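Colleague: I have the coordinates open and a few things to ask. Can you put the model up?

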Amino acid sequence: MSKELQGSAGVFATARLISAKDLRVERRSRVLLNQVLPFALIVMVMFAFALDSDAILERVAPGLVWLATLFSVLVMVSRSFAVETADGALDQLRSAGVPATGIFIGKMLALMAQLLVLVALLVGAAVVLYRASFSWEGGVLLVTTAIAATCGLAAVGTLYGGLAAGAKGRETLLPLLLLPVVAPVLIGATRATESAFGTNGIAISEGWPWLGLLVVFAVLFSVAGAVAFGPLLDD
Amino acid sequence: MTTTDTNTSTNSSPRDRVTGTPFTRGLGVVILAGMTLLIILGIFVSPADVNQGESVRIMYAHVPGAWLAYLAFVVTGISSAAYLWKRTRSLTWDRIAGASAEVGVLFMGISLVTGSLWGRITWGTYWTWDARLTTTAFLFVTYIGYLAVRGLGGTHQQRARRSAVLALLAVLEIPLVHFSVQLWNTLHQEASVAGRGTDVEMDGLMLFTLFLGVAVFTLMYVWLLLHRQRSLALDDMLDDSGLDNALTARRAEAQGVAR
Amino acid sequence: MDDAGFIFASYIITFGAVGAYALGIIRRARKSSREVPRDERPWL
């Protein structure tokens with residue numbers, strides 16, 4: 001009923017408010033800055049210990065960047081919904097008639113913005129630690145890949161985070177639900193980043209089809225999330 | 001603490017039918033007979049394959065199991081959609097979806113094991129990163145997650161809504177995973193080994209054994225689905241009838257023990 | 001027969017697992033059916 005009353009403008013106004021709120025929470029609590037980013041960095045260092053060879057590290061750098069991203073996504077999604085469910089804030093939002101689609105888009109955008117910062121840092125770490133390098137052209141591919149991939153990850157993360165929100169044992173359930181779904185992102189983003197880095201002499205032009213896969217994924221799950229988020233929270 | 005079977009209950013004697021009906025009993029007899037015939041034909045009577053040798057015998061148990069697992073997941077998807085659609089909304093659909101997913105996970109787990117045993121004999125390796133195999137593994141994990149979500153708690157309606165949405169998301173996820181693995185795989189290695197040795201001329205008896213396997217597994221699926229769906233219904237009713245009944249029963253039991 | 005162990009193992013795993021699952025369902029159902037009145041079961 002609220003959807004009809006507030007219309008699509010209500011959805012986007014809600015989305016803006018929610019994402020601004022999430023980013024403000026982050027700016028004040030600095031959980032991403034003080035906990036998640038250092039965690040991702042230590043994962044990158046641990047990879048180097050495990051693989052123990054400069055040549056191998058250079059070869060697998062793109063995959064490690066995205067694996068570290070996936071691990072961090074799990075933490076960040078948990079955090080994103082812990083904020084909402086701590087005081088029953090999500091239930092209050094819903095009972096106040098705030099459109100679910102707006103909540104979804106808002107939380108997704110906030111998550112995506114944080115993920116972009118994380119990916120930028122991890123790419124920097126790959127350049128420093130794993131001797132990755134890229135040209136200007138590769139940089140363009142890298143940026144578009146990062147945008148498409150983080151959009152897909154944020155959509156799926158918000159959707160499944162909302163699904164598990166408020167239930168007992170969600171911290172352990174989330175990885176089980178999320179990781180199989182984001183496998184296409186890992187595959188697509190890693191291949192695209194490989195060609196951006198020129199790993200193993202892969203040409204930059206080979207990366208664009210993988211970017212296509214990422215875009216399809218992002219679009220499909222953004223739409224699915226916008227549609228399904230309401231029924232998920234409605235109970 | 002375990003409840004003993006000798007404990008006389010108010011509603012049902014041990015001989016009482018719980019989830020069985022005359023139909024499922026008859027079905028059970030047919031399944032046992034078919035299973036016996038399948039084992040005799042599959043392991044002892046049917047000939048070895050020209051290409052695969054003796055390992056083809058595993059296929060009579062593996063292929064039907066995999067097919068029925070896929071069918072079970074399709075049933076889960078359809079009944080989830082039926083639950084979400086307002087006109088057909090009923091917790092029965094939700095329980096069918098849950099029961100079917102559980103049976104599907106069981107069959108798929110079995111198929112993954114028998115398939116890798118077959119692969120070890122035929123290909124010399126338990127696993128290949130073939131698109132079909134990898135997608136199957138993802139399906140398996142996805143529906144394990146689905147079952148975990150069903151166990152999250154909340155009201156029956158909450159459980160039904162959550163799991164139905166998740167089942168429909170799985171329908172979206174699986175083609176994407178399959179497609180991306182296929183794309184990844186074709187760059188890495190030549191066309192999969194899975195195609196090898198499967199399209200051979202099949203001897204009549206071999207074909208019959210395979211069909212028998214499909215028939216037996218289909219009947220097993222129906223039997224398991226009916227029973228599981230009913231036992232889920234029992235569990236739901238138990239929840240509905242409240243903890244009160246259970247508590248009084250336990251109290252009576254505890255007094256019995258004390259005396 | 002070559003690889004008899006693998007072949008027998010796959011049949012045992014298959015039917016063993018299905019059988020164990022079926023028994024599990026029946027046992028669990030017996031347990032919960034004690035508390036549910038008989039006339040509430042639509043399939044009977």
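Colleague: What does M35(B) touch, not counting residues up to four places away in sequence?

Modeller: M35(B) touches V216(B) and F15(C). Two residues are in contact if their C-beta atoms, placed from the backbone, lie within 7 Å. Bear in mind that this is a predicted model: local features need pLDDT of at least 70, side-chain atom pairs count only at pLDDT 80 or more, and totals for chains, interfaces and linings use all residues. Residues are numbered from 1 along each chain as its sequence is written, while chains are lettered from A and ligands numbered from 1 in the order in which they are written.

Colleague: Is M35(B) buried or exposed?

Modeller: M35(B) counts as buried because it has 22 C-beta neighbours inside 10 Å. The cut-offs are 20 or more other C-beta atoms within 10 Å of its own for buried, 12 or fewer for exposed, and partly exposed in between, with C-beta atoms placed from the backbone.

Colleague: Which helix is M35(B) in?

Modeller: M35(B) is in helix α1 of chain B. Helices (H or I, at least four residues) and strands (E, at least two) are DSSP runs, numbered from the N terminus.

Colleague: Which other residues of α1(B) are buried?

Modeller: Besides M35(B), the buried residues of α1(B) are I31(B), L38(B), G42(B) and I43(B). Their cover includes α2 and α6 of chain B, along with α1 (4-33) of chain C.

Colleague: What is the span of α1(B)?

Modeller: The 24 residues of α1(B) reach 33 Å from first C-alpha to last, close to the 34 Å expected at 1.5 Å a residue. The expected span is 1.5 Å times one less than the number of residues.

Colleague: What is in chain C itself?

Modeller: Chain C has one helix and zero strands. Of its 44 residues, 23% count as buried.

Colleague: And where chain B meets chain A?

Modeller: There, 23 residues of chain B are in contact with 21 residues of chain A. On the side of chain B that touches chain A, α5(B) gives the most, with 14 residues.

Colleague: Switching to chain A. How many helices and strands?

Modeller: Chain A has nine helices and zero strands. Of its 235 residues, 49% count as buried.

Colleague: Where is confidence lowest and highest in chain A?

Modeller: Helix α1 (residues 2-29) of chain A is lowest at a mean pLDDT of 78, and helix α5 (residues 100-130) of chain A is highest at 94. pLDDT is the predictor's confidence in each residue, from 0 to 100. Over residues 1-5 of chain A it stays under 50, and the model has three contacts beyond four places in sequence for them.

Colleague: Last one: how many residues are in the largest nonpolar core?

Modeller: That core has 141 residues, and those with the most contacts inside it are L122(A), V156(A), L214(A) and F229(A). A nonpolar core is a set of buried Ala, Val, Leu, Ile, Met, Phe, Trp, Tyr and Cys residues joined through C-beta atoms within 7 Å.
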